[in-house]
Amino acid sequence: MALLETLVVVFGVALLGAVAVVVKTRLFPTSEDEGPREDVAEYIAMMVSVLYAIVLGLCLVSVWETRTDAAEHSQAEASALHQTYLLADALPEDRREPLRAAARAYADHVVEVEWPMMADRQPLDPSGWRLLERLRQAGEIGDTATVSQQIAAQEVLAQLGYVDDARRNREAASQERLSPVLWAGLIIGGFLTLAFMFIFGIHHTRTHVVMVMGLAGFIAFTALLVHQLDAPFGETLGTGPDAFTRYFL
């Protein structure tokens, strides 16, 4: 979701809250003798707000950690792949270009094919693993290689092991989702927080409208923020394929 669309949604929710306050005030005006009820309402609203803040904090921490892990796995995968590409110089001459070509093909596949799939929350197909197996085969050398070339081939296998591990972690991160329990707490908590503002209104209508608009807009913004961060490879706030494009494209 683009920034302009986000602002439109937030402003729309805030405006809807303001309209609802005005309608509620006209239909159910607040009487002046509701002091004791408002004292209880303030206590209940405070408790709900505190619990909502805790749930919101848990949601933000959860989705941010998932996004951070996704970025770290992608960086580790791209770095190990780049090291593999550089190690081709130490292999026998007939194995250098095949290894480089396989590394470029793998990077292109990750950027052009897998990243849009991960952004759309789609599971990855096995083609990436086949390209990784092609990389392993391209790094194999014969018995006639020199000692230094054999050492380089072993290092290539080690780096491809890092690529393998990072790839598995990247795939797992692309399927991570915020817990439905936290989503339920986020939605219900926001609804209750706004509901108490309507049920136990403030005597001054303008103040009430401003408070509801601000609160409704903030809740809508935080819900959209959590939604965007919940897609660790999304287009808006997700991690991009920069780690791969920096080395290969």
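Biologist: Which helix is Ala152 found in?

Modeller: Ala152 is found in helix H5, which covers residues 147-174. Helices here are DSSP runs of H or I with at least four residues, strands are runs of E with at least two, and both are numbered from the N terminus. Before going on, please note that this is a predicted model, in which local features need pLDDT of at least 70 and side-chain atom pairs count only at pLDDT 80 or more, while totals for chains, interfaces and linings use all residues. Residues are numbered from 1 along each chain as its sequence is written, and side-chain values use heavy atoms, with hydrogens and water left out.

Biologist: Is Ala152 buried or exposed?

Modeller: Ala152 counts as buried, because its relative accessibility is 7%. Buried means under 20% relative accessible area, exposed means over 50%, and partly exposed is in between, with a 1.4 Å probe and protein chains only.

Biologist: And what is Ala152 in contact with?

Modeller: If we leave aside its neighbours within four places in sequence, Ala152 is in contact with Ala90 and Leu91, where contact means heavy atoms within 4.5 Å. Leu91 and Ala152 are 61 residues apart in sequence, yet their C-alpha atoms are 6.4 Å apart in space.

Biologist: Stepping back, how many helices and strands does the protein have?

Modeller: The protein has eight helices and zero strands. Of its 249 residues, 40% are buried. Among contacts between residues at least 6 apart in sequence, 81% join residues at least 24 apart.

Biologist: Changing topic, how many salt bridges are there?

Modeller: The count comes to ten salt bridges, a salt bridge being a side-chain nitrogen of Lys or Arg within 4 Å of a carboxyl oxygen of Asp or Glu. One of them joins Glu77 to Arg170, with the closest N and O atoms 2.6 Å apart. Glu77 lies in helix H2 and Arg170 in helix H5, so this pair ties together parts that are 93 residues apart in sequence.

Biologist: Which other residue forms a salt bridge with Arg170?

Modeller: Glu114 forms a salt bridge with Arg170 as well, and there the closest N and O atoms are 3.0 Å apart. Since Glu114 lies in helix H3 and Arg170 in helix H5, that pair ties together parts that are 56 residues apart in sequence. Glu114 counts as buried at 1% relative accessibility, and Arg170 counts as buried at 0%. Glu77, Glu114, Arg167, Arg170 and Glu171 are linked in a network of salt bridges.

Biologist: What about Glu97 and Arg104, how far apart are they, N to O?

Modeller: Their side chains meet in a salt bridge at 2.8 Å, N to O. Glu97 is partly exposed, with a relative accessible area of 41%, and Arg104 is partly exposed too, at 29%.

Biologist: One last topic, how many aromatic pairs does a search of the whole structure find?

Modeller: The search finds four aromatic pairs. Rings of Phe, Tyr and Trp (its six-membered ring) pair if their centres lie within 6.5 Å, and planes under 30 degrees apart count as stacked, over 60 as edge-to-face and the rest as tilted. Trp115 and Phe244 form an edge-to-face pair, 6.2 Å centre to centre with 65° between the planes. Trp115 lies in helix H3 (residues 93-119) and Phe244 in helix H8 (residues 242-248), so the pair ties together parts that are 129 residues apart in sequence. Both Trp115 and Phe244 are buried.

Biologist: And which residues form an aromatic cluster?

Modeller: Tyr85, Tyr247 and Phe248 form one aromatic cluster. Tyr247 is partly exposed, with a relative accessible area of 28%, whereas Phe248 counts as buried at 13% relative accessibility.
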